[in-house]
Amino acid sequence: MNEFDRTLIETTKTHRERLASAFIHGRLTERHKVNTNLGRLLGSVILAAVVGVACLGTGFVLGLLERQQHEQAINSFMAAMKANPIKPGNGYVEDEKTGLLFNPETGIYIDPRTGFRVDPETMLATDPQGRTIDIRLGWYYDPETRTYTDPASGLTIDPETLTVVKKDKKER
């Protein structure tokens, strides 16, 4: 074969391959756009999946930490309810009826852990800042809402349902 025939055969072969590709996959310009857009679409889907998983993981961890904080406050509340370390001394005698320390000379009941005067009927004392304290627990008591607040964590608990009460931001 001479060189002209070989060139003609290779050109025809290449032309047929290009026509077959165009028939199967579309025009060359369309194929290029489809591949570029497909890559962008695939990249966007992968990025959205990664962001979604990150948000889900963050929400899970924050929820877990909040749940642990609530459980810790409730456990602290229950432990404070069970502990009552009142002991007589310093001229005060233990009142068997209330378990408080009583000064027979002045008629005053006090809580030996805080030194605050206590109302023996309600077992509530008032600290120097004006907050009401249930001396049996050492927690702040709100007579209006009938809830207890942990002085350490600041969480408020409803003693009837043993759940953490969410306060409005205005109240804080």
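Colleague: What makes up the span of residues 41-65, helix or strand?

Modeller: That span is 100% helix and 0% strand, and its end C-alpha atoms lie 36 Å apart. Helices here are DSSP runs of H or I with at least four residues, strands are runs of E with at least two, and both are numbered from the N terminus. Keep in mind that this is a predicted model, where local features need pLDDT of at least 70, side-chain atom pairs count only at pLDDT 80 or more, and totals for chains, interfaces and linings use all residues. Residues are numbered from 1 along each chain as its sequence is written, and side-chain values use heavy atoms, leaving out hydrogens and water.

Colleague: What does UniProt list for residues 41-65?

Modeller: An unreviewed UniProt entry lists them as "transmembrane region". UniProt positions follow the numbering used here, feature names are shortened, and annotations may be inferred rather than shown by experiment.

Colleague: How do you know how confident the predictor is in the protein chain?

Modeller: We use pLDDT, the predictor's confidence in each residue, from 0 to 100. The chain's mean is 80, and 81% of its residues reach 70 or more. Over residues 168-172, though, pLDDT stays under 50. Where pLDDT is low, the predicted coordinates should not be read in detail.

Colleague: Why does Thr147 count as buried?

Modeller: Buried means under 20% relative accessible area, exposed over 50%, and partly exposed in between (1.4 Å probe, protein chains only). Thr147 has 9% relative accessibility, so it counts as buried. Thr147 sits in strand β8, which has the highest mean pLDDT (91) among the chain's elements.

Colleague: What makes the Thr147 and Thr145 side chains a polar contact?

Modeller: Their distance is 2.8 Å. The rule asks for a pair of N or O atoms within 3.5 Å; within protein, one must be able to donate a hydrogen and the other to accept it, and residues adjacent in sequence count only if both atoms are side-chain atoms.

Colleague: Why is the Asp127 and Arg131 pair called a salt bridge?

Modeller: A salt bridge needs a side-chain nitrogen of Lys or Arg within 4 Å of a carboxyl oxygen of Asp or Glu. Here the closest N and O atoms are 2.9 Å apart, so the pair qualifies. The structure holds one salt bridge. Asp127 is buried, at 6%, whereas Arg131 is partly exposed, at 36%.

Colleague: How do you know that β2 and β3 pair?

Modeller: Two strands pair if DSSP finds at least two bridges between them. Three bridges join β2 (residues 101-103) to β3, so these antiparallel strands pass.

Note on methods
Contact means heavy atoms within 4.5 Å.
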